[in-house]
Amino acid sequence: MIDEFLGIAGNVGETFLKSIPISLALAAVFTVLTFFSACNPGVPWWRKRDIVTDLCYWFFIPVLARYFRIGMLVAGAAVLFHITTAEGLIAFYQDGHGPLATLPLAAQMVIFLVGEDFITYWTHRFFHGAPMWKYHAVHHSSEELEWISAARFHPINLFFGSVIADVALLIAGISPNIFVVLGPITIAHSAFVHANLNWSLGPFKYVIATPVFHRWHHTAADRGGEKNFAATFPVLDLLFGTFYWPKGELPDRYGVDDRSRIILTVKDGKYVPAM
Ligand SMILES: [Zn+2]
Ligand SMILES: [Zn+2]
């Protein structure tokens, strides 16, 4: 029991330590870029009001995501393929399996990125619906949107909005080795789209999600907040009619403005948000 606890504590510490160098690099890069190209000039990110909240999510969410992912991969292999031994799991997942694993890693990466973005586009839209909004509102609660706000996710949102997509693609046969390259890129891109930058990347704004594209998503519902759902490829929003980019304007107000969407609950005889 003690050994198991120490093993878990060691893994948590390892995940935490791994995130420090990339966090410092992102902090340095976005501090400089925001100084020259802020979308909404104001105080630097480390002086935002809810910086402690952001830091807690930033370091805690990757640890939670890791355990969710491992748990679901073990459960998925047991239920779908009746694999229950440690050796069996390693052999099953180590280099992927089935036809997808025979493709070059670059091709698997493309399939993973497109598949993941398609799934998370729809789960994201689902989380904007009335029954799930209370969980996703956590992500939209940042009023001073900065790169460090990227990891603000309710565990329910993290699980059904991103972990499930990763697990589905790994169970389908994609090799986990793609994460060696994609892991740091995904973290950096997620921080990038939340960064306080006025970057739209010209015609590439349709190819890859940019800070202006995603910052519009974080505005109130009547300002674009129910648009731009794609995490990586805005073409999904073009395809499904949710692309939003008003000409000559930049997004400027963020947070959970539309409180009517939050589910209410009764507490002490009064209606209060059920968050
Ligand atoms: Zn959203
Ligand atoms: Zn966001």
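How closely do the axes of helix 5 (residues 105-127) and helix 7 come, and at roughly what angle do they cross? In this predicted model, the two axes come within 9 Å and cross at roughly 155°. Angles over 145 degrees count as roughly antiparallel, so helix 5 is roughly antiparallel to helix 7. The crossing of helix 5 past helix 7 is right-handed.

Let's see which residues do the touching. From helix 5 come Phe112, Gly115, Glu116, Ile119, Thr120, Thr123 and Phe127, and they meet Ile156, Asn157, Phe160, Gly161, Ser162, Ala165, Asp166 and Leu169 of helix 7. Sorted by class, this contact holds 7 nonpolar, 6 polar and 2 charged residues.

Helix 7 (residues 155-171) has another partner in helix 2 (residues 51-81), with axes that come within 9 Å and cross at roughly 45°. That angle makes helix 2 oblique to helix 7. Here, too, the crossing is right-handed. On the helix 2 side the contact includes Ile61, Leu64, Phe68, Arg69 and Met72, while helix 7 brings, among others, Pro155, Leu158, Phe159, Val163 and Asp166. The residues of this contact divide into 16 nonpolar, 1 polar and 2 charged.

Helix 2 also meets helix 3 (residues 86-93), and these axes come within 11 Å at a crossing of roughly 95°. Angles of 65 to 115 degrees count as roughly perpendicular, and therefore helix 2 is roughly perpendicular to helix 3. Leu73, Val74, Ala77 and Phe81 of helix 2 are in contact with Leu89, Phe92 and Tyr93 of helix 3. By class there are 7 nonpolar residues here, with no polar and no charged ones.

| Helix pair | Axes come within | Crossing angle |
|---|---|---|
| helix 5 and helix 7 | 9 Å | roughly 155° |
| helix 2 and helix 7 | 9 Å | roughly 45° |
| helix 2 and helix 3 | 11 Å | roughly 95° |

Now for the metal. Which protein atoms are the donors of the zinc ion (ligand 2)? They are the NE2 atoms of His139, His194, His214 and His218, lying 2.0 to 2.1 Å from the zinc ion. Along the chain, these donors follow the spacing H-x54-H-x19-H-x3-H.

Why is the arrangement around the zinc ion (ligand 2) irregular? The 4 donor atoms subtend angles of 95 to 151°, whereas four donors count as tetrahedral if all angles lie between 85 and 135 degrees. For reference, the ideal angle for four tetrahedral donors at a metal is 109.5 degrees.

Key:
Residues numbered from 1 in each chain as written. Chains lettered and ligands numbered in written order. Predicted model: local features only at pLDDT ≥ 70, side-chain atom pairs only at ≥ 80, totals over all residues. Heavy atoms only, no water. Axes fitted to C-alpha atoms, helices over the stretch in contact; angles between N-to-C directions. Helix = DSSP H or I, 4+ residues; strand = E, 2+ residues; numbered from the N terminus. Parallel < 35°, antiparallel > 145°, perpendicular 65-115°, else oblique. Left-handed = near helix turned anticlockwise from the far one by under 90°. Contact = heavy atoms within 4.5 Å. Nonpolar A, V, L, I, M, F, W, Y, C, P; charged D, E, K, R; others polar. Donors = N, O, S within 2.8 Å, 3.2 Å for Na, K, Ca; no water. Tetrahedral: all angles 85-135°; square planar, octahedral: opposite > 155°, others 65-115°.
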